[in-house]
Amino acid sequence: IELFDAIEKEGLYPQNRATFYENGNRLFFYISSTYPEKSLKSQYAMRGLQYTDSLLTILPKQSPEYKLYNAQANYIRGERAIAIALLDEIIDSVAVDNNLYARAASMRASCDENHNHDSFLYYLTLSAYSDVIAGTREGTSLQRLGVALYDKGDISRAYKYLLHSLDNAVKSGARIRATESSQAMPYIAQSF
(Lines give C-alpha, C1' and ligand atoms only; values in the text may rest on other atoms or scores of the structure.)
Protein backbone atom coordinates (compact mmCIF):
# COMPACT_ATOMS: atom_id res chain seq x y z
CA ILE A 1 0.00 0.00 0.00
CA GLU A 2 2.85 2.37 0.82
CA LEU A 3 4.46 1.74 -2.56
CA PHE A 4 1.15 2.19 -4.33
CA ASP A 5 0.44 5.45 -2.47
CA ALA A 6 3.92 6.73 -3.34
CA ILE A 7 3.17 6.31 -7.06
CA GLU A 8 0.09 8.48 -6.78
CA LYS A 9 1.91 11.20 -4.81
CA GLU A 10 4.70 11.40 -7.39
CA GLY A 11 2.22 11.94 -10.19
CA LEU A 12 1.18 9.92 -13.19
CA TYR A 13 1.42 10.39 -16.90
CA PRO A 14 -2.11 10.75 -18.31
CA GLN A 15 -1.72 7.58 -20.41
CA ASN A 16 -1.06 5.57 -17.20
CA ARG A 17 -4.07 6.72 -15.21
CA ALA A 18 -6.46 3.96 -16.31
CA THR A 19 -3.94 1.25 -15.42
CA PHE A 20 -3.21 2.91 -12.09
CA TYR A 21 -6.89 3.23 -11.16
CA GLU A 22 -7.62 -0.35 -12.21
CA ASN A 23 -4.73 -1.60 -10.08
CA GLY A 24 -5.95 0.50 -7.15
CA ASN A 25 -9.38 -1.05 -7.56
CA ARG A 26 -7.96 -4.58 -7.57
CA LEU A 27 -5.45 -3.98 -4.78
CA PHE A 28 -7.96 -2.64 -2.30
CA PHE A 29 -10.81 -5.00 -3.17
CA TYR A 30 -8.44 -7.98 -2.92
CA ILE A 31 -7.22 -6.76 0.46
CA SER A 32 -10.81 -6.20 1.56
CA SER A 33 -11.71 -9.78 0.57
CA THR A 34 -9.24 -11.16 3.13
CA TYR A 35 -11.02 -9.59 6.10
CA PRO A 36 -14.19 -10.81 7.78
CA GLU A 37 -17.33 -8.69 7.56
CA LYS A 38 -17.51 -5.40 9.48
CA SER A 39 -13.81 -5.07 10.24
CA LEU A 40 -11.21 -3.49 7.98
CA LYS A 41 -13.13 -4.98 5.05
CA SER A 42 -15.29 -1.91 4.56
CA GLN A 43 -12.38 0.52 4.95
CA TYR A 44 -10.45 -1.17 2.14
CA ALA A 45 -13.58 -1.62 0.00
CA MET A 46 -14.29 2.11 0.22
CA ARG A 47 -10.74 2.86 -0.86
CA GLY A 48 -11.17 0.45 -3.79
CA LEU A 49 -14.42 2.21 -4.67
CA GLN A 50 -12.58 5.55 -4.90
CA TYR A 51 -10.30 4.09 -7.56
CA THR A 52 -13.29 2.57 -9.32
CA ASP A 53 -15.00 5.96 -9.47
CA SER A 54 -11.81 7.53 -10.87
CA LEU A 55 -11.53 4.77 -13.47
CA LEU A 56 -15.13 5.32 -14.56
CA THR A 57 -14.34 8.94 -15.42
CA ILE A 58 -11.86 7.91 -18.12
CA LEU A 59 -13.17 4.63 -19.57
CA PRO A 60 -15.39 4.76 -22.69
CA LYS A 61 -18.98 4.56 -21.42
CA GLN A 62 -20.08 1.81 -23.83
CA SER A 63 -17.09 -0.46 -23.22
CA PRO A 64 -17.53 -3.76 -21.37
CA GLU A 65 -14.85 -2.60 -18.92
CA TYR A 66 -16.88 0.50 -18.04
CA LYS A 67 -19.98 -1.64 -17.51
CA LEU A 68 -18.06 -4.09 -15.29
CA TYR A 69 -16.61 -1.40 -13.04
CA ASN A 70 -19.90 0.49 -12.99
CA ALA A 71 -21.66 -2.73 -11.94
CA GLN A 72 -19.09 -3.23 -9.20
CA ALA A 73 -19.57 0.32 -7.91
CA ASN A 74 -23.36 -0.06 -7.94
CA TYR A 75 -23.16 -3.42 -6.16
CA ILE A 76 -20.94 -1.96 -3.42
CA ARG A 77 -23.36 0.93 -3.01
CA GLY A 78 -26.30 -1.47 -2.65
CA GLU A 79 -27.80 -0.89 -6.11
CA ARG A 80 -28.15 -4.61 -6.86
CA ALA A 81 -30.68 -4.29 -9.72
CA ILE A 82 -28.46 -1.87 -11.66
CA ALA A 83 -25.44 -4.11 -11.10
CA ILE A 84 -27.35 -7.17 -12.35
CA ALA A 85 -28.53 -5.39 -15.51
CA LEU A 86 -24.99 -4.24 -16.37
CA LEU A 87 -23.48 -7.66 -15.66
CA ASP A 88 -26.12 -9.44 -17.76
CA GLU A 89 -25.22 -7.11 -20.67
CA ILE A 90 -21.56 -8.11 -20.39
CA ILE A 91 -22.32 -11.83 -20.13
CA ASP A 92 -24.55 -11.61 -23.21
CA SER A 93 -22.01 -9.69 -25.31
CA VAL A 94 -18.51 -10.87 -24.38
CA ALA A 95 -16.91 -14.14 -25.51
CA VAL A 96 -16.76 -16.86 -22.87
CA ASP A 97 -12.95 -17.07 -23.12
CA ASN A 98 -12.59 -13.38 -22.23
CA ASN A 99 -11.55 -12.64 -18.63
CA LEU A 100 -14.27 -9.96 -18.47
CA TYR A 101 -16.85 -12.73 -18.94
CA ALA A 102 -15.47 -14.69 -15.97
CA ARG A 103 -15.31 -11.58 -13.81
CA ALA A 104 -18.84 -10.49 -14.78
CA ALA A 105 -20.28 -13.96 -14.13
CA SER A 106 -18.50 -14.15 -10.76
CA MET A 107 -19.81 -10.74 -9.76
CA ARG A 108 -23.27 -11.72 -11.02
CA ALA A 109 -23.13 -14.79 -8.75
CA SER A 110 -22.31 -12.49 -5.83
CA CYS A 111 -25.46 -10.49 -6.57
CA ASP A 112 -27.52 -13.66 -6.03
CA GLU A 113 -25.53 -15.20 -3.17
CA ASN A 114 -28.07 -14.32 -0.50
CA HIS A 115 -31.12 -14.18 -2.78
CA ASN A 116 -31.30 -17.12 -5.20
CA HIS A 117 -29.03 -20.10 -4.53
CA ASP A 118 -29.66 -21.78 -7.89
CA SER A 119 -28.79 -18.60 -9.77
CA PHE A 120 -25.72 -18.16 -7.54
CA LEU A 121 -24.51 -21.66 -8.49
CA TYR A 122 -25.34 -21.09 -12.17
CA TYR A 123 -23.25 -17.93 -12.48
CA LEU A 124 -20.37 -19.38 -10.46
CA THR A 125 -20.39 -22.32 -12.88
CA LEU A 126 -20.30 -19.95 -15.87
CA SER A 127 -17.41 -18.05 -14.34
CA ALA A 128 -15.45 -21.21 -13.50
CA TYR A 129 -16.09 -22.53 -17.02
CA SER A 130 -14.80 -19.26 -18.49
CA ASP A 131 -11.66 -19.48 -16.35
CA VAL A 132 -11.04 -23.04 -17.57
CA ILE A 133 -11.61 -22.12 -21.25
CA ALA A 134 -9.30 -19.08 -20.93
CA GLY A 135 -6.65 -20.97 -18.96
CA THR A 136 -6.97 -18.66 -15.95
CA ARG A 137 -5.49 -20.37 -12.89
CA GLU A 138 -5.92 -17.70 -10.22
CA GLY A 139 -9.71 -17.39 -10.53
CA THR A 140 -11.84 -17.83 -7.42
CA SER A 141 -15.06 -19.14 -8.96
CA LEU A 142 -14.15 -22.83 -8.88
CA GLN A 143 -13.15 -22.47 -5.24
CA ARG A 144 -16.38 -20.64 -4.36
CA LEU A 145 -18.36 -23.25 -6.31
CA GLY A 146 -16.65 -26.04 -4.37
CA VAL A 147 -17.55 -24.45 -1.04
CA ALA A 148 -21.16 -23.85 -2.17
CA LEU A 149 -21.50 -27.47 -3.30
CA TYR A 150 -20.08 -28.65 0.01
CA ASP A 151 -22.70 -26.56 1.83
CA LYS A 152 -25.33 -28.15 -0.38
CA GLY A 153 -24.11 -31.66 0.52
CA ASP A 154 -22.43 -32.52 -2.79
CA ILE A 155 -19.21 -33.60 -1.08
CA SER A 156 -17.69 -35.51 -4.00
CA ARG A 157 -17.83 -32.64 -6.49
CA ALA A 158 -16.91 -30.10 -3.80
CA TYR A 159 -13.77 -32.11 -3.03
CA LYS A 160 -12.79 -32.36 -6.72
CA TYR A 161 -13.40 -28.67 -7.39
CA LEU A 162 -11.53 -27.48 -4.32
CA LEU A 163 -8.63 -29.82 -5.00
CA HIS A 164 -8.42 -28.54 -8.58
CA SER A 165 -8.78 -24.95 -7.36
CA LEU A 166 -5.95 -25.45 -4.86
CA ASP A 167 -3.76 -26.98 -7.58
CA ASN A 168 -4.46 -24.02 -9.88
CA ALA A 169 -3.73 -21.51 -7.11
CA VAL A 170 -0.40 -23.18 -6.30
CA LYS A 171 0.62 -23.36 -9.97
CA SER A 172 -0.35 -19.72 -10.56
CA GLY A 173 1.63 -18.48 -7.57
CA ALA A 174 -1.47 -16.81 -6.12
CA ARG A 175 -0.65 -17.49 -2.46
CA ILE A 176 -3.81 -15.94 -1.09
CA ARG A 177 -5.94 -18.16 -3.34
CA ALA A 178 -3.97 -21.23 -2.26
CA THR A 179 -4.52 -20.29 1.39
CA GLU A 180 -8.26 -19.75 0.83
CA SER A 181 -8.66 -23.08 -0.98
CA SER A 182 -6.62 -25.01 1.55
CA GLN A 183 -8.68 -23.74 4.50
CA ALA A 184 -11.80 -25.57 3.28
CA MET A 185 -10.02 -28.79 2.37
CA PRO A 186 -9.77 -30.44 5.85
CA TYR A 187 -13.54 -30.25 6.37
CA ILE A 188 -14.30 -31.57 2.93
CA ALA A 189 -11.66 -34.31 3.16
CA GLN A 190 -13.11 -35.41 6.50
CA SER A 191 -16.65 -35.49 5.06
CA PHE A 192 -15.44 -37.20 1.88
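The structure is a predicted model, in which local features need pLDDT of at least 70, side-chain atom pairs count only at pLDDT 80 or more, and totals for chains, interfaces and linings use all residues. Residues are numbered from 1 along each chain as its sequence is written, and side-chain values use heavy atoms, with hydrogens and water left out.

The overall picture comes first. The protein chain holds 10 helices and 0 strands, where helices (H or I, at least four residues) and strands (E, at least two) are DSSP runs numbered from the N terminus. Read from the N terminus on, the order of elements is α-α-α-α-α-α-α-α-α-α. Of the chain's 192 residues, 44% count as buried; buried means under 20% relative accessible area, exposed means over 50%, and partly exposed lies in between (1.4 Å probe, protein chains only).

Two helix pairs can now be looked at in turn. Two packed helices are described by the angle between their axes and the distance between the axes. Here the axes are lines fitted to C-alpha atoms, for helices over the stretch in contact, and angles run from 0 to 180 degrees between N-to-C directions. Helix 1 (residues 2–10) and helix 2 (residues 17–33) have axes that come within 12 Å and cross at roughly 155°. These two helices are therefore roughly antiparallel to each other, given that angles under 35 degrees count as roughly parallel, over 145 as roughly antiparallel, 65 to 115 as roughly perpendicular and the rest as oblique. Their crossing is left-handed, a term used if the near helix is turned anticlockwise from the far one by less than a right angle (right-handed if clockwise). Helix 1 contributes F4, I7 and E8 to the contact, and helix 2 contributes F20, N23, G24, L27 and F28. Sorted by class, this contact has 5 nonpolar, 2 polar and 1 charged residues; Ala, Val, Leu, Ile, Met, Phe, Trp, Tyr, Cys and Pro count as nonpolar, Asp, Glu, Lys and Arg as charged, and the others, Gly among them, as polar.

For helix 5 (residues 80–93) and helix 6 (residues 99–112), the axes come within 9 Å and cross at roughly 150°. Helix 5 and helix 6 are therefore roughly antiparallel to each other, and their crossing is left-handed. On the helix 5 side, R80, A83, I84, L87, D88, I90 and I91 meet L100, Y101, A104, A105, M107, R108, C111 and D112 of helix 6. By class, that contact has 11 nonpolar, no polar and 4 charged residues.

The loop between helix 5 and helix 6 contains N98, which counts as partly exposed at 30% relative accessibility. The N98 side chain reaches the backbone nitrogen of L100 at 2.8 Å. N98 and T136 are 38 residues apart in sequence and 9.9 Å apart in space, C-alpha to C-alpha.

Two further residues bring the account back to the start of the chain. D5, in helix 1, is buried, with a relative accessible area of 18%. Not counting residues up to four places away in sequence, D5 touches R47 and Y51. S32, in helix 2, counts as buried at 6% relative accessibility. Leaving aside neighbours within four places in sequence, S32 is in contact with K41, Y44 and A45.

Note on methods
Contact = heavy atoms within 4.5 Å. Polar contact = N/O pair within 3.5 Å; in protein donor to acceptor, adjacent residues only side chain to side chain.
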